[in-house]
Amino acid sequence: MHTALWVATGVLAGLVLIAGLVKAVQPRDRLYASGLTYVEDFPAWFIRALGVAEVLGAVGLVLPGLVGTGQVLVPTSAVCLAVTMVGAVVVHLRRREAAKVAMPAFLLALAVFVAWGRLGAWPL
């Protein structure tokens with residue numbers, strides 16, 4: 001189970017890191033042009049803060065396990081990312097963008113799995 005949790009953690013961290021970096025560094029109009037149309041509903045500072053939060057969440061998923069300290073950050077980061085993905089699903093559903101719900105739903109499932117595993121019988 002540790003291997004499955006590490007694989008899920010790595011996939012989740014990698015995808016969220018990429019998404020977070022994109023939101024943190026690109027201007028809002030470029031994000032909109034690239035297909036992230038929901039950004040028109042939020043101020044630029046919020047999108048940037050969301051990106052930074054996603055980057056920190058990705059780091060919090062992996063770094064404690066690698067350095068062997070602060071292991072409570074792994075499930076905490078997973079829970080926080082799960083809440084973020086619930087928000088993403090809600091935003092896309094409210095905008096009637098059903099086709100864009102799949103990725104946040106997948107990330108939500110990964111985050112819930114990691115949180116469940118690391119809070120349960122398989123802590124780091």
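This is a predicted model: local features need pLDDT of at least 70, side-chain atom pairs count only at pLDDT 80 or more; totals for chains, interfaces and linings use all residues.
View 1. Exposed means over 50% relative accessible area, buried under 20%, partly exposed in between (1.4 Å probe, protein chains only). Helices are DSSP runs of H or I, at least four residues, and strands are runs of E, at least two, numbered from the N terminus.

**View 2. The buried side of H4.** Val-74, Pro-75, Ser-77, Ala-78, Leu-81, Ala-82, Met-85, Val-89 and His-92 are the buried residues of H4. They sit on the same side of H4 because their arc around the axis is only 145°; the arc uses directions from the helix axis to the C-beta atoms. Their packing partners are helix H1 (2–25), helix H3 (44–67) and helix H5 (102–119). Contact here means heavy atoms within 4.5 Å.

**View 3. H4 from end to end.** H4 spans residues 73–94, 22 residues in total. First to last C-alpha is 31 Å, close to the 32 Å expected at 1.5 Å a residue. That expected span is 1.5 Å times one less than the number of residues. Just after H4, Arg-96 has a positive phi of about 60°.

View 4. The protein chain holds 5 helices and 0 strands. Buried residues are 34% of its 124 residues. Of the contacts with a separation of 6 or more, 65% join residues 24 or more positions apart.

**Notes.** Numbering starts from 1 along each chain as its sequence is written. Local features need pLDDT of at least 70, side-chain atom pairs count only at pLDDT 80 or more, totals for chains, interfaces and linings use all residues, and side-chain values use heavy atoms, without hydrogens and water.
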